[in-house]
There are 2 protein chains.
Amino acid sequence: PYANEPTRHPALISISDVPCSAELPREFITDDWITPAPLWFVRNHHPVPHLNEESYRLKVHGKGFDGKEYTLDQLKKDFSKTEVTATIQCGGNRRGEFNSERKTSGNAWGFGAISNAKWGGVLLKDVLNDAGLASQKAASAAGAEHIHFEGDDGCRVSIPIDKAMSEMGDVLLAYEMNGDPIPLDHGAPVRVVVPGHVGVRNTKWLTEIEAATEDAPGVWQRGIAYKVFGPNVTKVTEEDVASTPTMQEVPVQSLIVEPRAGAVVEPGTPLDVRGFAYSGGGRGIIRVDVSADGGATWQQAKLTEGADQPRGRAWAWTFWEAEVPIPADGSTAHHTLICKATDASHNVQPDTVAGIWNLRGLANNAWHRVPIVAEVERDVA
Amino acid sequence: PYANEPTRHPALISISDVPCSAELPREFITDDWITPAPLWFVRNHHPVPHLNEESYRLKVHGKGFDGKEYTLDQLKKDFSKTEVTATIQCGGNRRGEFNSERKTSGNAWGFGAISNAKWGGVLLKDVLNDAGLASQKAASAAGAEHIHFEGDDGCRVSIPIDKAMSEMGDVLLAYEMNGDPIPLDHGAPVRVVVPGHVGVRNTKWLTEIEAATEDAPGVWQRGIAYKVFGPNVTKVTEEDVASTPTMQEVPVQSLIVEPRAGAVVEPGTPLDVRGFAYSGGGRGIIRVDVSADGGATWQQAKLTEGADQPRGRAWAWTFWEAEVPIPADGSTAHHTLICKATDASHNVQPDTVAGIWNLRGLANNAWHRVPIVAEVERDVA
């Protein structure tokens with residue numbers, strides 16, 4: 001079933017081939033605030049569907065309205081085009097760091113399961129309105145509290161009605177990525193973009209939208225796949241699964257992109273440190289703190305691209321940079337660089353993975369630590 | 001000017017007399033999910049104004065509309081009454097814990113600068129609509145991005161327009177607290193309740209509402225009072241103040257109410273631990289983890305009152321309880337109880353105050369630690 005996979009950029013870091021999971025390579029991350037499509041991280045759950053643009057149909061139906069079917073052409077021509085720049089992050093990003101604490105299940109991602117694009121398409125709420133669902137109030141009155149998405153790969157997920165219908169939610173049915181048609185790996189011809197929510201809710205190869213009373217059935221929504229259990233849960237019971245809410249909005253996050261772990265740097269020379277920060281729910285980044293001494297002292301990074309997004313709708317990551325002094329005391333020394341971000345609601349990252357470890361390895365947003373070596377050059381006698 | 005202060009409940013823990021700052025005592029917190037008004041924490045910035053109900057006028061005006069004035073009677077009779085159960089927390093709650101790291105400015109609160117009430121009144125957006133401001137879009141078109149509140153004590157603050165005008169924001173002009181007229185200390189006859197935002201935005205003794213282009217002028221909004229600087233800032237420059245956003249939404253928080261710090265407990269007997277958790281922005285609490293071994297292992301608390309609030313509108317705290325085993329190995333031992341909460345966006349509390357320390361001592365939401373002693377009873381020989 002994987003014979004028709006698209007060709008992929010050779011620089012992508014493969015985590016798994018079938019289905020494809022591949023990271024955006026560290027050295028490209030801060031080159032472009034808008035990630036080029038070929039370098040975008042890939043997280044597929046099944047073989048990539050090949051949908052025909054001509055015969056493509058999107059079925060929109062459910063509680064509270066009659067429903068309607070749309071061709072790709074109708075989506076493009078019957079609605080005004082909206083552009084949203086949104087970062088998407090896999091719930092398992094940074095899972096690998098959990099494994100040093102205790103083994104988790106799933107792919108051991110580094111920190112490249114995140115990318116940013118300018119998406120073009122039609123607002124979900126406009127399509128729902130056109131199909132007959134007037135408002136959140138109307139939906140709730142008809143008993144619809146969730147909007148389900150089904151992809152042609154068989155994945156079915158849902159988001160809460162308030163996010164779907166909100167004027168400020170910016171949920172998009174996208175047919176463009178960075179100004180071009182969406183590539184096969186990223187959901188051609190139409191995918192959902194749910195700004196501020198975890199990757200899996202951003203359904204690719206979208207074929208059906210349904211307004212329903214309950215969350216979507218199946219492992220991706222009600223099952224264990226995207227449930228963040230407590231650190232005490234090492235074996236899951238049915239009751240644990242049923243009582244644990246699935247991931248929607250993601251927590252505040254930041255990463256050091258440069259220098260890389262293990263880098264050898266020059267003592268006495270200010271070190272250029274750079275990275276990105278991001279928070280779910282449209283909560284912009286208000287500060288990034290950087291430490292070169294393992295957290296004993298901090299300095300504030302300069303926020304660059306993405307720093308001026310609108311309040312409550314900061315859907316894209318924020319880049320940052322700092323010049324960090326590295327002491328020159330004549331000896332070779334090991335240092336740990338750390339970054340941590342604060343978002344608009346003053347939520348912060350936890351100091352360690354110890355308290356947030358969870359069986360599925362989701363939502364790791366501990367302070368990012370990068371060990372480096374300040375090496376004194378020695379004359380060869 | 002403090003000669004006419006109201007009489008206060010003798011159990012309140014006084015932090016400062018003029019102006020009055022007083023905590024809700026620990027031993028009453030979990031008695032009632034709705035805090036009785038006499039035990040509510042008090043945080044005043046000036047002497048308590050005594051407004052006359054008959055001559056009371058609320059002026060509503062600003063960019064984009066003509067404006068209007070309301071009597072108390074008009075607010076009560078011309079609008080439908082809305083009830084909102086909302087917790088209010090002072091930005092400086094738990095400031096005292098920062099001082100063990102490094103001295104901060106302001107009152108050294110314990111953890112009782114938080115309380116919960118059922119507020120009755122009229123929705124701010126209904127009053128703004130009635131006064132001529134139709135919607136957020138209309139406000140923005142007229143250049144109004146902030147709604148200012150002025151109290152008769154002279155405090156002027158503001159909230160962003162999207163919170164003020166949102167169908168889901170539930171911002172209330174309250175004239176009732178737990179079913180009775182609002183007491184003097186809590187803003188009689190009318191106060192603002194901004195659910196999910198820091199205490200200071202919940203203006204008491206409200207006399208004026210203005211739609212404006214900029215944040216409110218003055219120390220409570222643009223000045224240093226409620227700005228969370230970085231841990232590196234030990235002396236504030238004008239630039240620091242101007243570039244640091246002021247507090248609006250508060251981060252995820254949880255506290256152990258029982259047992260108290262230093263409690264002597266019986267080894268070998270399960271210990272009843274209870275407390276509350278709360279997060280800003282209407283993000284409900286999805287889990288509270290409790291540790292009796294300083295964070296090495298965790299168990300999940302049972303969420304009780306407040307656990308079933310609506311998504312995105314969980315404006316009140318959630319109570320929790322856990323039965324924690326205390327080992328009986330025949331010796332007297334010191335333990336540290338810890339609690340930490342996770343909110344609906346999977347934001348968590350930081351492990352320590354080290355990384356979140358800030359000059360004004362705001363937004364302390366580190367894991368709450370309570371030292372206890374497990375004491376073996378010895379026979380008197």
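The questions and answers below walk through a predicted model with chains A and B.

Me: How many residues of chain A are in contact with chain B, and how much area do chain A and chain B bury between them?
Reply: The two chains meet through 42 residues of chain A and 42 residues of chain B. The size of an interface is often given as the accessible area lost when the parts come together.

Me: Which three residues supply more of the area that chain A buries against chain B than any other three?
Reply: The contact involves 42 residues of chain A, and a particular set of three supplies 20% of the area that chain A buries against chain B.

Me: Which salt bridge joins D162(A) to chain B, and what is its N to O distance?
Reply: Side chains of opposite charge can pair when their charged atoms come close. Between chain A and chain B the count is two salt bridges, alongside 16 residue pairs in polar contact. In one salt bridge the side chain of D162(A) meets that of R311(B), with an N to O distance of 2.9 Å.

Me: Which element of chain A gives the largest share of the side that touches chain B?
Reply: The elements α6 (161-165), β17 (285-291), β18 (299-300) and β21 (333-343) of chain A each supply at least two residues of that side. By class, the side of chain A that touches chain B has 19 nonpolar, 13 polar and 10 charged residues. The largest share from an element is three residues, and these come from β17(A).

Me: How many residues apart in the chain are R8(A) and D185(A), which form a salt bridge?
Reply: The closest N and O atoms of R8(A) and D185(A) are 2.6 Å apart. R8(A) is partly exposed because its relative accessibility is 28%, whereas D185(A) is buried, with a relative accessible area of 7%. R8(A) belongs to the segment before β1 (13-16) and D185(A) to the loop between β11 (180-181) and β12 (191-193) of chain A, so that the pair links parts of the chain whose separation is 177 residues.

Me: Why does the salt bridge of R313(B) and D170(B) tie together separate parts of chain B, and how many residues lie between their places in sequence?
Reply: The side chains of R313(B) and D170(B) meet at 2.9 Å, N to O. R313(B), at 26% relative accessibility, counts as partly exposed, while D170(B), at 12%, counts as buried. Because R313(B) lies in the loop between β19 (302-303) and β20 (318-324), and D170(B) in the loop between α6 (161-165) and β10 (172-177), the pair ties together parts of chain B that are apart in sequence by 143 residues.

Me: Are D289(B) and K340(B) buried or exposed?
Reply: The side chains of D289(B) and K340(B) meet in a salt bridge of 2.8 Å, N to O. D289(B) is in strand β17 (residues 285-291) and K340(B) in strand β21 (residues 333-343) of chain B, 51 residues apart. As for accessibility, D289(B) and K340(B) are both buried.

Me: How far apart in space are V48(B) and H186(B), C-alpha to C-alpha?
Reply: V48(B) has its place in the loop between β3 (42-43) and β4 (57-62) of chain B, and it is buried, with a relative accessible area of 6%. Leaving aside its neighbours within four places in sequence, V48(B) is in contact with residues including L184(B), D185(B) and W205(B). Although V48(B) and H186(B) are 138 residues apart in sequence, the C-alpha to C-alpha distance is 9.2 Å.

Me: Where in chain A is R94(A), whose phi is positive?
Reply: Phi of R94(A) is near 70 degrees, a positive value in a residue other than glycine. R94(A) counts as buried because its relative accessibility is 0%, which is under 20%. Its place in chain A is the loop between β6 (82-89) and α3 (95-99).

Key
Residues numbered from 1 in each chain as written. Chains lettered and ligands numbered in written order. Predicted model: local features only at pLDDT ≥ 70, side-chain atom pairs only at ≥ 80, totals over all residues. Heavy atoms only, no water. Contact = heavy atoms within 4.5 Å. Buried area = accessible area lost by both parts, 1.4 Å probe. Salt bridge = Lys/Arg side-chain N within 4 Å of Asp/Glu carboxyl O. Polar contact = N/O pair within 3.5 Å; in protein donor to acceptor, adjacent residues only side chain to side chain. Helix = DSSP H or I, 4+ residues; strand = E, 2+ residues; numbered from the N terminus. Nonpolar A, V, L, I, M, F, W, Y, C, P; charged D, E, K, R; others polar. Buried < 20%, exposed > 50% of the residue type's maximum accessible area, 1.4 Å probe, protein only.
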